Amino acid sequence: MKIRKLIAGISVAMMAFSLAACGGQNAKTSGATDAPDSGGVQPTLVGSGKDLHLSFPDAPAPKDLKVWVQNKGTGRAVESTDTVVAHYLGQVWKNEKPFDSSFERGAPTGFPLSGVIPGWQQGLAGLPVGTKVIISVPPELGYGPDGGRAQAGIGATDVIDFYVEIVDAFGVNQAGDKAAKPEAKVADLPVELTGAVGEPVKLSVKASATAPTAPASAVIARGSGASVAKSNTTVYVQYAMSLWDNSQTEVTYGKSGPQAIPMGRGSLFDALTGVPVGSRVLITYPETSGGDSAQRMPSLAVVVDILGQVDNPPAAADTQQK
C-alpha cells in the first residue's frame with residue numbers, strides 16, 4: 001500500500017484550491033522575468049466580511065499583469081516554491097460578483113505557489129507576508145485560451161482580478177523552530193533520526209523496536225509558538241514517515257512541501273493537539289484492519305515539524321474537507 005493512500009485511509013484531509021485545480025493544469029506559464037507593472041487605474045475594494053468585493057473603474061481592462069500593493073507586510077518574502085496561506089477573492093473585470101471568495105467561506109486557504117495560475121506566481125513572489133494586494137491577470141497568465149472556467153462565469157479571454165491578503169508562507173524545505181527545546185531522549189525513541197532540530201529530517205524504525213499497539217506521541221523538541229487547537233484549526237506541517245518494517249518511506253521536505261491538516265478529524269495528526277507551533281513530534285500508529293485486506297493499515301512512525309496554524313470557523317472547516 002502506498003503511503004499516500006495509507007494517509008488518506010486514516011483520514012488526513014488536504015486543502016483544495018480552485019486556482020490550483022484549474023489554472024495550474026491549463027494555463028500557459030510565461031517566461032517573463034520583469035517585475036509586474038503597477039500602473040493604470042486600479043479597482044477599489046469595497047464592503048466587508050462576506051460582502052467584500054472589487055468595484056471596477058470606468059476603463060478598459062489592463063492588457064498586462066498588474067500588481068497594486070494596498071498595504072505592504074513586514075514578514076518574510078514569499079518565494080516561488082512556498083506554500084502560501086491567503087485570504088482572497090476573484091472577479092472577472094467589470095463583474096462585481098466574485099466567482100470565488102475565501103472571505104465568504106470565512107477562512108484563508110493554503111496552496112503551493114508553484115501549482116497556481118502564473119499570474120499568482122508572478123504577482124505574489126517577492127511580496128512580504130502580511131501584504132494586501134490587488135492583482136489583475138490577463139488571460140494568458142490566468143486560465144488561458146483553453147482554460148476558460150464557464151461554470152464560474154470566466155471566459156477564455158477574460159481579464160480576472162484578485163484581492164489577496166498574504167496571511168503566511170512556508171518554505172518547501174522549512175522545518176520547525178531551530179531554537180525548539182529538546183525534550184525526549186532521542187536514544188530511547190524507537191526510530192533513528194537524521195537531521196537536527198530545525199532542519200529537514202529522515203527516519204527509520206529500529207529493528208529492535210516493538211510495534212505499537214495503540215497510538216502514541218512524544219515531543220522531541222518543544223517550540224515556543226501557540227499551542228495547536230483541538231478543532232476548527234488547520235495546521236501546516238512537514239513530516240518524514242516510515243512503515244514499521246521500513247518497506248516504504250516518505251518525506252515532504254523539498255518535495256511536496258508543507259501539508260495542510262485540518263485538526264479534529266480523527267487522523268493521526270490529532271496527536272499534535274496542545275503542542276506548540278515550532279515543535280518536532282514523533283507519532284507512532286498501530287496496525288489497523290477493516291473489513292478486507294485492502295483496508296489494513298500497517299504500523300508506522302512519523303516525525304512531524306509543526307510550521308504554523310490557521311483558525312477556521314466550523315462552517316469553513318467543513319467546507320474545506322469537501
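Colleague: What is the average pLDDT of the protein chain?

Modeller: Good place to start, since this is a predicted model. Of the residues, 82% score at least 70.

Colleague: Over residues 8-18, how many contacts does the model have beyond near neighbours in sequence?

Modeller: Take care here, because where pLDDT is low, the predicted coordinates should not be read in detail. Over residues 8-18 the pLDDT is below 50. Beyond near neighbours in sequence, the number of contacts this stretch has in the model is 39.

Colleague: Now the rings: how many aromatic pairs are there, and is the pair of Phe103 and Tyr163 stacked or tilted?

Modeller: The count of aromatic pairs comes to eight. For Phe103 and Tyr163, the ring centres lie 6.0 Å apart and the planes meet at 20 degrees. Planes under 30 degrees apart count as stacked, so this pair is stacked.

Colleague: Which elements hold Phe103 and Tyr163?

Modeller: Both residues are buried, and they link distant parts of the chain, 60 residues apart. Phe103 is in helix 3 (residues 102-105), while Tyr163 is in strand 8 (residues 160-170).

Colleague: Are the rings of Tyr239 and Phe269 stacked or tilted?

Modeller: Their centres are 5.9 Å apart, with planes at 45 degrees. Stacked needs under 30 degrees and edge-to-face over 60, so the pair is tilted.

Colleague: Why does Tyr239 count as buried?

Modeller: The cut-off for buried is under 20% relative accessible area. Tyr239 is buried because its relative accessible area is 0%.

Colleague: How many residues of strand 13 are buried?

Modeller: Tyr239 belongs to strand 13 (residues 233-243). Residues including Tyr239 and Met241 point one way from this strand, others including Tyr236 and Gln238 point the other way, and both sets are buried. Of the eleven residues in strand 13, the buried ones number eleven.

Colleague: Which residue in strand 17 is the bridge partner of Leu243?

Modeller: Strand 13 and strand 17 (residues 300-311) run antiparallel, with eleven bridges between them. In strand 17, the partner of Leu243 is Leu300.

Colleague: Last one: which residue in the turn between strand 13 and strand 14 has a positive phi?

Modeller: These two strands pair antiparallel over three bridges, with Met241 opposite Glu250. They form a hairpin with five residues between them. In that turn, the residue with a positive phi of about 60 degrees is Asn246.

Note on methods
Residues numbered from 1 in each chain as written. Predicted model: local features only at pLDDT ≥ 70, side-chain atom pairs only at ≥ 80, totals over all residues. Heavy atoms only, no water. pLDDT = per-residue confidence, 0-100. Contact = heavy atoms within 4.5 Å. Phe/Tyr/Trp six-rings, centres within 6.5 Å; stacked < 30°, edge-to-face > 60°. Helix = DSSP H or I, 4+ residues; strand = E, 2+ residues; numbered from the N terminus. Buried < 20%, exposed > 50% of the residue type's maximum accessible area, 1.4 Å probe, protein only. Pairing = 2+ DSSP bridges.
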